[in-house]
Amino acid sequence: MHIAVGVTGASGAPLALRLLQVLFEQGHEVSLIVSPEGEHVMALEMGEVVLPAAHRYRHLDFEAPLASSSRAPEAMIVCPCSMRTLAAVAQGLGDNLITRCAENVMRLNRPLVVVPRETPLSLQALDNMRALRAAGALIVPPVMAYYFRPETVQDLTDFAVGKILDCLQLPHSLYRRWGEEAPK
(Lines give C-alpha, C1' and ligand atoms only; values in the text may rest on other atoms or scores of the structure.)
Protein backbone atom coordinates (compact mmCIF):
# COMPACT_ATOMS: atom_id res chain seq x y z
CA MET A 1 0.00 0.00 0.00
CA HIS A 2 1.25 3.51 -0.79
CA ILE A 3 0.95 5.56 2.41
CA ALA A 4 1.94 9.19 2.89
CA VAL A 5 3.17 10.08 6.36
CA GLY A 6 3.31 13.68 7.51
CA VAL A 7 5.33 14.55 10.62
CA THR A 8 4.53 17.95 12.11
CA GLY A 9 5.74 20.06 15.01
CA ALA A 10 3.91 18.41 17.86
CA SER A 11 5.57 16.32 20.54
CA GLY A 12 5.53 12.64 19.63
CA ALA A 13 8.51 12.01 17.38
CA PRO A 14 8.97 8.48 18.83
CA LEU A 15 5.46 7.66 17.57
CA ALA A 16 6.42 8.74 14.05
CA LEU A 17 9.66 6.74 14.14
CA ARG A 18 7.96 3.56 15.35
CA LEU A 19 5.12 3.96 12.83
CA LEU A 20 7.58 4.34 9.97
CA GLN A 21 9.62 1.34 11.18
CA VAL A 22 6.53 -0.88 11.23
CA LEU A 23 5.29 0.32 7.83
CA PHE A 24 8.78 -0.32 6.39
CA GLU A 25 8.91 -3.80 7.97
CA GLN A 26 5.50 -4.59 6.46
CA GLY A 27 6.73 -3.57 3.00
CA HIS A 28 4.51 -0.54 2.43
CA GLU A 29 5.61 2.22 0.06
CA VAL A 30 5.94 5.28 2.29
CA SER A 31 6.13 8.87 1.09
CA LEU A 32 7.42 11.04 3.92
CA ILE A 33 6.94 14.77 4.48
CA VAL A 34 8.41 16.37 7.60
CA SER A 35 7.60 19.98 8.38
CA PRO A 36 10.41 22.27 9.59
CA GLU A 37 8.77 22.31 13.02
CA GLY A 38 8.57 18.52 12.90
CA GLU A 39 12.30 18.35 12.22
CA HIS A 40 12.95 20.67 15.16
CA VAL A 41 10.81 18.68 17.62
CA MET A 42 12.29 15.41 16.37
CA ALA A 43 15.81 16.69 17.08
CA LEU A 44 14.74 17.80 20.58
CA GLU A 45 13.04 14.51 21.43
CA MET A 46 15.33 11.96 19.77
CA GLY A 47 18.48 13.62 18.48
CA GLU A 48 19.55 12.64 15.01
CA VAL A 49 17.56 9.71 13.58
CA VAL A 50 16.93 8.35 10.13
CA LEU A 51 13.27 7.87 9.30
CA PRO A 52 12.67 4.96 6.91
CA ALA A 53 10.75 5.93 3.77
CA ALA A 54 10.75 5.08 0.07
CA HIS A 55 10.22 8.72 -0.93
CA ARG A 56 10.98 12.00 0.86
CA TYR A 57 9.49 15.34 -0.03
CA ARG A 58 10.14 18.87 1.14
CA HIS A 59 7.40 20.59 3.11
CA LEU A 60 6.75 23.22 0.41
CA ASP A 61 7.39 21.05 -2.66
CA PHE A 62 4.20 21.62 -4.63
CA GLU A 63 5.76 19.88 -7.64
CA ALA A 64 5.87 16.60 -5.72
CA PRO A 65 3.50 13.89 -6.99
CA LEU A 66 1.56 14.02 -3.71
CA ALA A 67 0.46 17.59 -4.50
CA SER A 68 -1.88 16.26 -7.20
CA SER A 69 -4.99 14.20 -6.59
CA SER A 70 -4.04 12.22 -9.70
CA ARG A 71 -1.05 10.87 -7.73
CA ALA A 72 -2.58 10.74 -4.25
CA PRO A 73 -1.50 7.86 -2.01
CA GLU A 74 -3.91 5.13 -0.97
CA ALA A 75 -3.89 6.47 2.60
CA MET A 76 -2.27 9.18 4.70
CA ILE A 77 -1.23 9.43 8.34
CA VAL A 78 -0.26 12.69 10.05
CA CYS A 79 1.71 11.63 13.13
CA PRO A 80 2.20 13.57 15.25
CA CYS A 81 -0.26 16.22 14.15
CA SER A 82 0.09 19.75 15.48
CA MET A 83 -3.02 21.79 16.21
CA ARG A 84 -1.95 24.17 13.41
CA THR A 85 -1.87 21.34 10.87
CA LEU A 86 -5.11 19.89 12.20
CA ALA A 87 -6.83 23.29 11.82
CA ALA A 88 -5.43 23.77 8.31
CA VAL A 89 -6.64 20.35 7.15
CA ALA A 90 -10.04 20.83 8.81
CA GLN A 91 -10.47 24.16 7.00
CA GLY A 92 -9.16 22.91 3.63
CA LEU A 93 -6.03 25.07 3.63
CA GLY A 94 -3.59 23.23 1.40
CA ASP A 95 -0.77 25.65 2.17
CA ASN A 96 2.01 23.06 2.36
CA LEU A 97 2.55 19.55 1.03
CA ILE A 98 1.25 17.86 4.19
CA THR A 99 -2.04 19.75 4.18
CA ARG A 100 -2.34 19.57 0.37
CA CYS A 101 -1.82 15.78 0.36
CA ALA A 102 -4.34 15.39 3.20
CA GLU A 103 -6.85 17.42 1.20
CA ASN A 104 -6.27 15.20 -1.87
CA VAL A 105 -6.72 12.02 0.16
CA MET A 106 -9.98 13.29 1.67
CA ARG A 107 -11.31 14.51 -1.70
CA LEU A 108 -10.84 10.98 -3.02
CA ASN A 109 -12.48 9.47 0.07
CA ARG A 110 -9.33 7.60 1.01
CA PRO A 111 -8.29 7.01 4.63
CA LEU A 112 -6.75 9.94 6.48
CA VAL A 113 -5.56 9.20 10.02
CA VAL A 114 -4.68 12.20 12.17
CA VAL A 115 -2.76 11.72 15.44
CA PRO A 116 -3.21 14.97 17.40
CA ARG A 117 -0.67 15.46 20.16
CA GLU A 118 -1.93 18.13 22.51
CA THR A 119 -3.46 18.27 25.96
CA PRO A 120 -5.63 19.74 27.28
CA LEU A 121 -7.71 20.44 24.20
CA SER A 122 -9.22 23.84 23.44
CA LEU A 123 -12.74 24.24 22.13
CA GLN A 124 -11.25 25.29 18.77
CA ALA A 125 -9.18 22.09 18.59
CA LEU A 126 -12.23 19.99 19.41
CA ASP A 127 -14.27 21.83 16.75
CA ASN A 128 -11.51 21.18 14.19
CA MET A 129 -11.39 17.50 15.15
CA ARG A 130 -15.15 17.28 14.80
CA ALA A 131 -14.98 18.90 11.35
CA LEU A 132 -12.26 16.46 10.25
CA ARG A 133 -14.19 13.47 11.53
CA ALA A 134 -17.34 14.71 9.76
CA ALA A 135 -15.28 14.87 6.56
CA GLY A 136 -14.22 11.25 7.02
CA ALA A 137 -10.84 11.51 8.72
CA LEU A 138 -10.03 9.21 11.62
CA ILE A 139 -8.80 10.97 14.76
CA VAL A 140 -6.43 8.86 16.88
CA PRO A 141 -5.03 10.70 19.89
CA PRO A 142 -2.20 8.61 21.36
CA VAL A 143 -4.14 7.77 24.52
CA MET A 144 -2.63 5.34 27.00
CA ALA A 145 -4.33 2.07 27.87
CA TYR A 146 -3.50 -0.22 30.74
CA TYR A 147 -5.63 -3.34 30.24
CA PHE A 148 -2.76 -5.11 28.47
CA ARG A 149 -0.42 -4.30 31.39
CA PRO A 150 2.28 -2.25 29.67
CA GLU A 151 5.69 -2.42 31.31
CA THR A 152 7.62 0.15 29.29
CA VAL A 153 7.16 3.41 27.42
CA GLN A 154 7.80 1.36 24.27
CA ASP A 155 4.74 -0.77 25.11
CA LEU A 156 2.61 2.41 25.22
CA THR A 157 4.16 3.66 21.98
CA ASP A 158 3.41 0.33 20.30
CA PHE A 159 -0.18 0.51 21.54
CA ALA A 160 -0.67 3.94 19.95
CA VAL A 161 0.98 2.84 16.69
CA GLY A 162 -1.13 -0.32 16.69
CA LYS A 163 -4.29 1.77 16.95
CA ILE A 164 -3.14 3.81 13.93
CA LEU A 165 -2.55 0.61 11.96
CA ASP A 166 -5.97 -0.68 13.03
CA CYS A 167 -7.55 2.34 11.33
CA LEU A 168 -6.02 1.24 8.02
CA GLN A 169 -6.88 -2.41 8.70
CA LEU A 170 -3.21 -3.34 8.63
CA PRO A 171 -2.32 -6.50 10.56
CA HIS A 172 0.08 -6.26 13.48
CA SER A 173 0.89 -7.72 16.87
CA LEU A 174 2.07 -4.54 18.59
CA TYR A 175 -0.21 -4.94 21.59
CA ARG A 176 -2.39 -7.55 23.23
CA ARG A 177 -6.01 -6.98 22.25
CA TRP A 178 -8.87 -6.84 24.72
CA GLY A 179 -9.84 -10.33 25.84
CA GLU A 180 -6.64 -11.98 24.62
CA GLU A 181 -4.85 -13.91 27.29
CA ALA A 182 -1.68 -12.36 28.64
CA PRO A 183 1.52 -14.28 27.90
CA LYS A 184 2.74 -16.30 30.89
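Contact means heavy atoms within 4.5 Å. This is a predicted model, in which local features need pLDDT of at least 70, side-chain atom pairs count only at pLDDT 80 or more, and totals for chains, interfaces and linings use all residues. Residues are numbered from 1 along each chain as its sequence is written, and side-chain values use heavy atoms, with hydrogens and water left out.

**Exercise 1. N96**

Solution. 
- Step 1. Locate the residue. Helices (H or I, at least four residues) and strands (E, at least two) are DSSP runs, numbered from the N terminus.
- Step 2. Check accessibility. Buried means under 20% relative accessible area, exposed over 50%, partly exposed in between (1.4 Å probe, protein chains only).
- Step 3. Look for a polar atom pair. A polar atom of the N96 side chain lies 2.9 Å from the backbone nitrogen of T99.

**Exercise 2. The sheet**

Task: Give the strand order, then describe strand 1.

Solution. 
- Step 1. Read the order. Six strands make an open sheet, 3-2-1-4-5-6, with parallel pairing. Two strands pair if DSSP finds at least two bridges between them.
- Step 2. Find the edges. Strand 3 (55-57) and strand 6 each have a single partner strand, so one side of each lacks a neighbour in the sheet.
- Step 3. Take one pair. Strand 1 (residues 2-7) and strand 2 (residues 29-34) run parallel and are joined by six bridges. A4 stands opposite S31 of strand 2.
- Step 4. Sort the side chains. In a regular strand they alternate between the two faces of the sheet. From strand 1, H2, A4 and G6 point one way, and I3, V5 and V7 the other way.
- Step 5. Judge the cover. Six of the six residues of strand 1 are buried.

**Exercise 3. Helix 5**

Task: What is the span of helix 5, and which of its residues are buried?

Solution. 
- Step 1. Compare spans. Helix 5 (residues 123-134) has 12 residues and should span 16 Å at 1.5 Å a residue; its end C-alpha atoms are 16 Å apart, which agrees. The expected span is 1.5 Å times one less than the number of residues.
- Step 2. Name the buried set. In helix 5 these are A125, N128, M129 and L132.
- Step 3. Look down the axis. The buried residues of helix 5 fall within an arc of 100°, so they line one face. The arc is that of the directions from the helix axis to the C-beta atoms.
- Step 4. Turn to the other side. There L123, R130 and A134 are exposed.
- Step 5. Find the packing partners. The buried residues of helix 5 pack against helix 3 (83-90), helix 4, strand 5 and strand 6 (138-139).
- Step 6. Leave the helix. Just after helix 5, G136 has a positive phi of about 110°.

**Exercise 4. Helix 6**

Task: Describe the length, cover and ends of helix 6.

Solution. 
- Step 1. Helix 6 (residues 153-167) has 15 residues and reaches 22 Å between its first and last C-alpha, close to the expected 21 Å.
- Step 2. Its buried residues include F159, V161, I164 and L165. Among the elements covering the buried residues of helix 6 are helix 1 (13-25), strand 4 (75-81) and strand 5 (112-116).
- Step 3. At the start of helix 6, a side-chain oxygen of T152 comes within 3.3 Å of the backbone nitrogen of Q154. After the helix comes Q169, with a positive phi near 60°.

**Exercise 5. Salt bridges**

Task: How many salt bridges does a search of the whole structure find? Describe the pairs of D158, R100 and D166.

Solution. 
- Step 1. The search finds four. A salt bridge is a side-chain nitrogen of Lys or Arg within 4 Å of a carboxyl oxygen of Asp or Glu.
- Step 2. D158 meets R18 at 2.6 Å, N to O. The pair links helix 6 to helix 1, 140 residues apart. D158 and R18 are both buried.
- Step 3. R100 meets E103 at 3.7 Å, N to O. R100 and E103 are three residues apart in helix 4 (residues 97-107), about one helical turn. R100 is partly exposed at 23%, and E103 is partly exposed at 23%.
- Step 4. D166 pairs with R177, the closest N and O atoms being 2.9 Å apart. D166 lies in helix 6 and R177 in the segment after helix 6, so the bridge ties together parts 11 residues apart in sequence. D166 is partly exposed at 24%, and R177 is partly exposed at 30%.

Terms used: Polar contact = N/O pair within 3.5 Å; in protein donor to acceptor, adjacent residues only side chain to side chain.
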